[in-house]
Amino acid sequence: MTILPSADRKCRRSPRIPLLPQKDDDYEPLESGFDGASFSGAVFNLSTTIVGAGIMALPAAVKQLGMIPGLIMIVLGSMLTESSIDMILRFSRASKASTYSSLATDAFGGAGRSLLQLCIVVNNLGMLVVYMIIIGDVLSGTSSGVVHNTGVMEEWFGLHWWTTRSSLLLLTTLLVFTPLISFKRVDSLRYTSALSVGLAIVFVIITAGIAMMKLINGSIEMPRLMPKVIDQASFWKLLTTIPVLVTAYICHHNVHPIENELKDPMQMKSVMKASLALCSSVYVATSFFGFLLFGDQTLDDVLGNFDGDLGLPYSSLLSDVVRVSYGIHLMLVFPIVFFSLRLNIDGLLFPYAIPIAFDNRRFFSVTAALMGFIFVGANFVPSIWDAFQFTGATTAITVGFIFPAAIALSLSYATVWFYALTQRSPI
């Protein structure tokens, strides 16, 4: 077992020493032969962190804002995210911080680190419970009052004990989630992340194809280009799109774990730009074709629009392909978000312990406890979309935008004072 220096045992923060070991004389690699993650693997992992459940809510956000302002806001969100991540990377290198929480420690001390970790934990837990709920909806269906929307498993095989919601989620947890969340390196998820991004692109292609076919046969009306504001209530409703747009790009909690495993950490800025360009393109295409296809009938979760008759041959087959591909997409997004959740809750509960990757008992105990909480939440919480909007308006915006700006102001101010003091000091 690797023995960490006493300073590292006392506190997790240490100059340029990552949570997971890299090529270093003082550390043994977790897996022999691993000499760093590739550029493409890092791009897929960061892109998968970004593209989650938020993609299905963006067409509804564009419906509220209108086509032109909605697409502009999606691009603006990408630009703001790039700026905030650039702040994190720039000040992390200046302060030699290898994690987001260590950077918060440099700027605000232990209280700042704990607040940031708490925000990441609440945000990621909320997202993962929502992911599992959506997966359950896709597989087993949903019920609202007397209306029951069947899931794909129930449509294909009928109603049995093993097609119930709890049974399907248990099987998904044991057969899909458990193997994927057991990896100790984020780079181990590069292939599933690539497949996840590919499935998101499949959804865009299918949506675009249906929209173009209906546009050719003249069954699509001209989409509304500007927001429809008729009273004060409709104006305030425009603000409900902010949590959706903010949540869509949150990936800041996985920036450092991905950077720490890169062969060349200096590539992280290029990885970030490539990922944001890819994801913003997927978001713009999904929002444009989704709103073009369904117009003012676009639901808050556009996946629900595919449950009905699409007005095309093989409508049922297309609906099943869309739902299944999206369900698998979320299954593959789940472990990449879970990775940073586990790191941050471990740092919050055991701030002075050795990194969790070195302690197998703690690693699997924390993993099992988190999965149990998420599984129970997904089975017994009927709908947490309101809670999801709450986390988007609070913890997500705090992690993604408030903390990076506050850290930049704090450390810039400290640098100015340090420079002033050194200038006054006698030579």
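Start by selecting helix H13, residues 315-349; helices here are DSSP runs of H or I with at least four residues, numbered from the N terminus. Inside H13, pick out Phe334 and Phe338, which sit four residues apart, about one turn of the helix. This is a predicted model, so local features need pLDDT of at least 70 and side-chain atom pairs count only at pLDDT 80 or more, while totals for chains, interfaces and linings use all residues. Residues are numbered from 1 along each chain as its sequence is written, and side-chain values use heavy atoms, with hydrogens and water left out.

Phe334 and Phe338 are both buried (under 20% relative accessible area with a 1.4 Å probe, protein chains only; exposed is over 50%, and partly exposed lies in between).

Now jump to Phe288 and Phe289. The structure holds seven aromatic pairs, and these two residues make an edge-to-face one, 5.1 Å centre to centre with 85 degrees between the planes. (Rings of Phe, Tyr and Trp, the last by its six-membered ring, pair if their centres lie within 6.5 Å; planes under 30 degrees apart are stacked, over 60 edge-to-face, the rest tilted.) Phe288 is partly exposed, at 31% relative accessibility, whereas Phe289 is buried at 17%.

Next, show Lys184 and Phe363. The lysine's charged end sits over the phenylalanine ring, 5.2 Å from its centre; that label needs NZ of Lys or CZ of Arg within 6 Å of the ring centre and within 35 degrees of the ring normal.

Time for some helix packing. Select H5 (residues 100-140) and H14 (residues 360-380): their axes come within 9 Å and cross at roughly 55 degrees. (Axes are lines fitted to C-alpha atoms, for helices over the stretch in contact, with angles from 0 to 180 degrees between N-to-C directions.) That angle makes H5 oblique to H14; under 35 degrees is roughly parallel, over 145 roughly antiparallel, 65 to 115 roughly perpendicular, and the rest oblique. Show side chains for the contact (heavy atoms within 4.5 Å): H5 brings residues including Leu125 and Met132, and H14 residues including Phe373 and Phe375.

Last stop: H3 (residues 58-65) and H4 (residues 67-95), whose axes come within 6 Å and cross at roughly 130 degrees. Here Leu58, Val62 and Leu65 of H3 meet H4 residues, among them Pro69, Gly70 and Met73.

Notes
Helix = DSSP H or I, 4+ residues; strand = E, 2+ residues; numbered from the N terminus.
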